[in-house]
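Welcome, and thanks for taking a look at this one with me.

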Amino acid sequence: MSLARIARASVLGGAVVVACALAAGCTSETGGTANAVAPESSPGTSSSAAGPTGSVPKVTTPLDVTKYENDTCKLVPDDELTRLKFTDPGEPRPRDSNPENLSGPSCGWKIRGEGLSLLVILGTGNRDAGAGGLAGIKAAYERPNGPYKFFEPAPDVEGYPAVYFDIRDRRAIGNCSMAIGVADDLAVSVFSEGYEGQQDSCAAAQGAAAAMVKTLKGA
C-alpha cells in the first residue's frame with residue numbers, strides 16, 4: 001500500500017485530527033490502526049487549552065523546526081535510516097489544505113516486501129490551531145469518547161519529554177506510536193509499524209526520534 005494512504009486526517013468541528021500512522025484503513029480500533037488526534041479547539045484558543053498546565057512535562061529549551069517545515073524528510077538523517085534498513089527515499093507530504101495534511105508536514109519510509117514502515121509528523125498544524133504539544137495528545141486521551149485508550153510516559157529523547165499513545169496499546173504486535181515534545185505547544189510524532197514486537201518496534205521509533213532531535217538541536 002502506498003504511503004500516500006498512511007497519513008490521513010479529518011476535521012471534527014474545527015479540531016485538527018492528526019495523521020493516521022498506519023496503512024490499514026485508519027477507521028477503527030478493530031482495524032488495528034493508530035490515529036494521532038489532537039483535542040478539540042476553537043479559534044483563539046492557546047496551547048494551554050489543550051490540557052491542564054501541569055499534565056505533561058514542560059519543555060525548557062524549545063527547538064526551532066522552521067528549517068524542516070518544507071523539508072521534513074531531512075529530520076531523520078540518512079545514517080539512521082540506513083541503520084533501520086530504510087534505503088528508499090522518504091515520501092514527503094507538505095502541510096497544505098488537503099485534509100490528510102492539516103496536522104503538519106510529514107515524511108514516510110517503507111521497506112518494500114517486508115511490511116515495515118516509519119512515519120514522522122511535524123505537528124505545526126496542531127500547534128497553529130492551539131491544540132499542539134504533548135498536552136494536546138494527553139487532552140485527547142482524557143476526553144470522554146476520545147480517540148486514545150492508551151497513553152503513558154516514554155523515556156526522554158535526548159533530554160526532551162516523550163509519550164507513547166495509541167487507540168490501544170499495540171506495541172506487543174509490533175506497532176509503536178510515540179510523540180516527542182520539542183516545545184510546549186509542538187510535538188513531533190514518530191510511528192513504526194510491522195515489527196515483531198514491542199522491543200523492536202519501539203527501538204525503531206526511539207532511534208528515529210533521537211536522531212530527529214539531534215538534527216533539530218543542530219539546526
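Is C73 buried or exposed, going by its relative accessibility? Please keep in mind as you read that this is a predicted model.

1. On that opening question: the relative accessibility of C73 is 18%. Buried means under 20% relative accessible area, so C73 counts as buried.

2. C73 has a partner. A disulfide joins C73 to C107, with an S to S distance of 2.0 Å. This link brings together distant parts of the chain: C73 sits in the loop between β3 (35-37) and α1 (78-83), while C107 belongs to strand β5 (residues 106-111), and the two are 34 residues apart.

3. Now for the handedness of this link. The torsion about the S-S bond of C73 and C107 is about 90°, which means that the disulfide is right-handed.

4. How many disulfides does the structure hold? There are two. Besides the C73 and C107 pair, you will find C176 and C202, whose sulfur atoms are 2.2 Å apart.

5. The link of C176 and C202 is right-handed, with 95° about its S-S bond. Have a look at both ends, too: C176 is buried, with a relative accessible area of 0%, and C202 is also buried, with a value of 5%.

Note on methods
Residues are numbered from 1 along each chain as its sequence is written. This is a predicted model: local features need pLDDT of at least 70, side-chain atom pairs count only at pLDDT 80 or more; totals for chains, interfaces and linings use all residues. Side-chain values use heavy atoms; hydrogens and water are left out. A disulfide is a pair of cysteine sulfur atoms within 2.5 Å. Helices (H or I, at least four residues) and strands (E, at least two) are DSSP runs, numbered from the N terminus. Buried means under 20% relative accessible area, exposed over 50%, partly exposed in between (1.4 Å probe, protein chains only).
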